[in-house]
Amino acid sequence: MKSQILKLASIANAPTRTIIGLMSGTSLDGLDIALCQFKGTGPGTVCRLLEFTTIPYTDDFRSRIKEIAFQPLADLCKLTVLNAEIGTYTAELVLQALKSWNFPVTDVDIIASHGQTIFHAPKSFHLQNSAPNATLQIGDADHIAVKTGIITLSDFRQKHIAAGGEGAPLVFYGDSLLFTDQQENRILLNIGGISNFTWLPSGETDLTAFSTDVGPGNTMMDQYISSQFPGKSFDQDAIIASSGTVNEQLLKILMADPFFKLGLPRTTGPEYFNLKYLEDALQKCEKPVCSPADIMATLCAFSARVIVQTIQQLTGDIPYQIYVSGGGMHNPLLNKMISEGLNLNLQSTQELGLNPDAKEAVLFALLANECIAAPQQAFKSRPGIPAVTMGKISLPD
Ligand SMILES: Nc1ncnc2c1ncn2[C@@H]1O[C@H](COP(=O)(O)OP(=O)(O)OP(=O)(O)O)[C@@H](O)[C@H]1O
Ligand SMILES: CC(=O)N[C@H]1[C@@H]2OC[C@@H](O2)[C@@H](O)[C@@H]1O[C@H](C)C(=O)O
């Protein structure tokens with residue numbers, strides 16, 4: 001025990017740290033594994049991505065997570081088993097990745113594991129005034145620490161909530177430390193299952209930086225495709241959506257939800273944006289709509305339109321550059337719709353030196369770097385963005 005605490009102290013005091021960031025998002029496509037080297041902390045952070053891979057989940061594993069994730073009712077035995085199983089499986093995947101990179105396990109200082117979000121229930125979702133914002137990520141990190149022998153930080157979102165946030169988006173902390181620019185106003189847009197962005201006004205302005213969820217990214221398209229085309233988990237290269245026509249009436253109904261009137265920042269998840277949301281909208285349509293391809297085209301336009309609308313409401317006439325990351329950037333139709341809507345070329349975070357597929361995993365590694373090594377808090381507390389370190393520490397023995 002004491003030796004692990006002393007080890008942690010020496011990692012905290014070392015000039016550099018090797019940290020593995022792990023992210024498995026709402027799309028349930030697999031585990032993102034980013035091997036990073038950090039020098040410094042706070043605004044002086046220098047992060048080098050040494051290796052990155054996504055190890056896809058097997059169909060069986062994904063469907064077992066889907067049985068409980070984002071469901072209003074779930075089997076508690078399955079939840080309990082998955083909590084341990086995801087932890088164990090995560091450790092195996094980390095060891096597998098390190099082996100494939102020929103990188104010694106003993107050279108890794110810390111693992112930062114996001115875990116699997118099972119349910120996200122901010123007050124705006126659960127509507128119980130006296131209860132706090134709430135969120136649940138599973139994949140217990142004691143299993144990761146014991147199986148890999150590496151000190152592991154996990155469960156980052158609870159402290160955010162305890163200190164006044166909604167538990168998301170956490171990308172704000174890393175985005176603002178790594179990507180704030182003195183001259184350029186920036187939007188860092190991530191299109192995962194849920195889309196979110198960080199607004200980073202340049203050092204020259206007195207505008208306020210923050211991150212917010214926007215609404216659905218890929219999640220409704222993915223859910224609809226899986227329901228209509230067994231065996232498909234997403235619409236590769238938007239082939240199906242591109243063969244359909246956007247139904248403007250359905251789109252208008254999808255857009256008319258009170259969620260889009262909440263102030264920024266706000267958070268959400270597939271608990272809200274799901275097939276039931278689509279069915280409810282279809283029922284409100286006067287003429288029953290449309291072919292599956294038309295529905296896919298409309299869902300794609302829905303994701304694009306809420307992104308465009310939210311960014312335009314925020315930026316108004318202020319000039320900015322947009323840097324995209326997340327799986328949705330590989331969807332050509334979605335990108336075209338966003339780019340046309342904003343009348344801007346979308347750049348990727350690669351332009352800023354970070355692999356866009358690795359970004360979220362890297363940013364959890366950065367949260368661990370701050371938690372372990374920052375001599376002082378790099379942020380000022382603001383509503384929705386508490387100034388706290390995040391991550392619980394699991395020791396290997
Ligand atoms: N070639 C492609 N064509 C169309 N869509 C794609 C393509 N590649 C990836 N996607 C979409 O990206 C999704 C995966 O995105 P990503 O891994 O960023 O999600 P996530 O990290 O789980 O989400 P979140 O950030 O909400 O937690 C896929 O499920 C799919 O919808
Ligand atoms: C509760 C939860 O897991 N939220 C995720 C999800 O995926 C995207 C969006 O919804 C974002 O709020 C968050 O992840 C990113 C990494 C974040 O916290 O910044």
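In this predicted model, helix 3 and helix 5 meet through a defined set of residues: Ala84, Gly87, Thr88, Thr90, Ala91, Glu92, Val94 and Leu95 in helix 3 contact His143, Ile144, Lys147 and Thr148 in helix 5. The residues of this contact divide into 5 nonpolar, 5 polar and 2 charged. Helix 5 spans residues 141–148. The two helices pack at an angle of about 35°, and their axes lie 7 Å apart. The crossing of helix 3 and helix 5 is right-handed.

Helix 3 also packs against helix 2. Helix 2 covers residues 59–68, and helix 3 covers residues 76–101. The angle between helix 2 and helix 3 is about 140°, with 10 Å between their axes. An angle over 145 degrees would count as roughly antiparallel; helix 2 and helix 3 are therefore oblique to each other. Their crossing is left-handed. On the helix 2 side, the contact involves Phe61, Arg64, Ile65, Glu67 and Ile68. These meet Lys78, Leu79, Leu82, Glu85, Ile86 and Tyr89 in helix 3. Here the contact residues comprise 7 nonpolar, no polar and 4 charged.

At the level of the whole chain, the domain assignment gives two domains. Domain 1 is made of residues 2–170 together with 355–394. Domain 2 runs over residues 174–352. The centres of domain 1 and domain 2, taken over C-alpha atoms, are separated by 24 Å. Domain 1 contributes 31 residues to the contact, and domain 2 contributes 36.

Helix 8 spans residues 219–228. Its buried residues are Thr219, Met220, Met221, Asp222, Tyr224 and Ile225.

Leu127 presents another setting. This residue sits in the loop between helix 4 (123–126) and strand 5 (134–138). Leu127 and Thr152 are 25 residues apart along the chain. Their C-alpha atoms are separated by 34 Å.

Conventions. Residues are numbered from 1 along each chain as its sequence is written. Chains are lettered from A and ligands numbered from 1 in the order in which they are written. This is a predicted model: local features need pLDDT of at least 70, side-chain atom pairs count only at pLDDT 80 or more; totals for chains, interfaces and linings use all residues. Side-chain values use heavy atoms; hydrogens and water are left out. Buried means under 20% relative accessible area, exposed over 50%, partly exposed in between (1.4 Å probe, protein chains only). Helices (H or I, at least four residues) and strands (E, at least two) are DSSP runs, numbered from the N terminus. Axes are lines fitted to C-alpha atoms, for helices over the stretch in contact, and angles run from 0 to 180 degrees between N-to-C directions. Angles under 35 degrees count as roughly parallel, over 145 as roughly antiparallel, 65 to 115 as roughly perpendicular and the rest as oblique. A crossing is left-handed if the near helix is turned anticlockwise from the far one by less than a right angle, and right-handed if clockwise. Contact means heavy atoms within 4.5 Å. Ala, Val, Leu, Ile, Met, Phe, Trp, Tyr, Cys and Pro count as nonpolar, Asp, Glu, Lys and Arg as charged, and the others, Gly among them, as polar. Domain bounds come from an automatic or database domain assignment.
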